[in-house]
Amino acid sequence: MSDYTQEKLLERINKHLDELEKLPKIRENTSIMQTLQEHGFSRRDFMKWAGGMAAMLSLPSIFIPSIARAAEMADRMPVIWLHMAECTGCSESLLRTDTPTIDSLIFDHINLEYHETIMAASGWQADENLESAIEKHKGKYVLLVEGGIPDGDSAYFLTVGAHAKTGREIAIHASENASAIFAIGTCSSFGGIQAANPNPTNAKPLHKITNKPVINVPGCPPSEKNIVGNVLNVLLFKTLPKLDVYNRPKWAYGLRIHDLCERRGHFDAGEFVQEFGDEGAKNGYCLYKVGCKGPYTFNNCSRERFNSHTSWPIQAGHGCIGCSEPNFWDTMKTFEEPLGDRLFQSTFGGLGADAITDKIGIGVLALTGIGIAAHAVLSSAVAKEDTQERADS
């Protein structure tokens, strides 16, 4: 990005933030900095977090003050969060922590007009609150939807509220007047386990229910940074981020799990876990042979991690199951077997951020899987040969 481009973009961002600053605060007697300080975070911690967000959003350091400013004004932008057919795990990834992160505290501070998990209202009052929020903030609110949505003749399987509306009706209605729409989690992005074969409720992802543009933020669950980062993106740019062929933000889903995995060196060296609990597992070897789907999965889990950013599944000893990919319940199973063992990947749907079109031949994918498997076998054989030579000498 040239200096001129940076300056123009920064000028546009600051102009938008100036407009945002004129909007009323939802909490007059507090601020995000007060909230952070109450939980032990200093201004320095906050600026370091803003620097991390800048790096994650692929922005130069000159944008750090603007990111901090946008976060401080997060309560000026109304957010409506809908629950469809889901387990609430995506909300839990933000809310359930004994040591709240800056991300989760910022999300606590935003103008969250409607969220069934954490609001006190129920029944008629909850329905009224949703309608009131949609009407009051028409054309200005950000809509976040969690969960797959039963469709067609099966729509009644998800019937919500005192007016007995289907989830499909509610999602379409809320989408009509949203300024931006995010499908949070794999269920809302791609259908999730609800849409797995044989899909008894005819569950669909959000983008197949509404005709409005939807940004997918998949993961089971997605990290809190991926959720908060997308809200910040709208706050900063008043526009949608660059997306891959599955409408996932490239800043979060632009690289494979495999690309940044801490076990990647063992993969290249041919050092693999052969079965769970063996010596290779104890030594942190690559999990590909026990089913890791990292080479096929686009996400930033290896960089952002979970549990207050302390760990993630591969670090804990189990391979990636590909949960941020379309139809992963059908295409990635069995989770403890490598895809490269199968000659034909007839149900696997694409190559994510690698693709310039979503019409990729199945043969290419099959060759990819076979190639990775061949590399694993070859590099493992070379490693064994080197070990034998050292033993003989």
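## Salt bridges

The predicted model holds 15 salt bridges. Aspartate 151 takes part in a salt bridge with arginine 168, with an N to O distance of 2.6 Å. Aspartate 151 sits in the loop between β4 (149-150) and β5 (159-160) and arginine 168 in helix α8 (residues 167-176), so this pair ties together parts 17 residues apart in sequence. Aspartate 151 also forms a salt bridge with lysine 204, where the closest N and O atoms are 3.2 Å apart. Lysine 204 belongs to strand β8 (residues 203-204), so this second pair ties together parts that are 53 residues apart in sequence. Aspartate 151 is buried, at 11% relative accessible area, whereas arginine 168 is partly exposed at 30% and lysine 204 is partly exposed at 23%.

Glutamate 325 and arginine 248 form a further salt bridge, their closest N and O atoms lying 2.9 Å apart. Glutamate 325 is in the loop between α15 (313-316) and α16 (328-331), and arginine 248 in the loop between α10 and α11 (250-253), 77 residues apart. Both residues of this pair are buried. Asp18, Glu21 and Arg69 are linked in a salt-bridge network.

## Nonpolar cores

The largest nonpolar core has 52 residues, and Phe46, Trp49, Ile67, Ile106 and Phe182 have the most contacts inside it. Helix α10 (residues 224-237) gives the most to this core, with eight residues. A second, separate core has 23 residues, among them Ile134, Ala171, Ala174 and Ile209.

Beyond its neighbours within four places in sequence, isoleucine 106 contacts Ile32, Phe46, Trp49, Ala71, Ala74 and Val228.

## Overall fold

The chain has 17 helices and nine strands. Of its 393 residues, 50% count as buried.

Key. Residues numbered from 1 in each chain as written. Predicted model: local features only at pLDDT ≥ 70, side-chain atom pairs only at ≥ 80, totals over all residues. Heavy atoms only, no water. Helix = DSSP H or I, 4+ residues; strand = E, 2+ residues; numbered from the N terminus. Buried < 20%, exposed > 50% of the residue type's maximum accessible area, 1.4 Å probe, protein only. Core = buried A, V, L, I, M, F, W, Y, C linked by side-chain atoms within 4.5 Å. Contact = heavy atoms within 4.5 Å. Salt bridge = Lys/Arg side-chain N within 4 Å of Asp/Glu carboxyl O.
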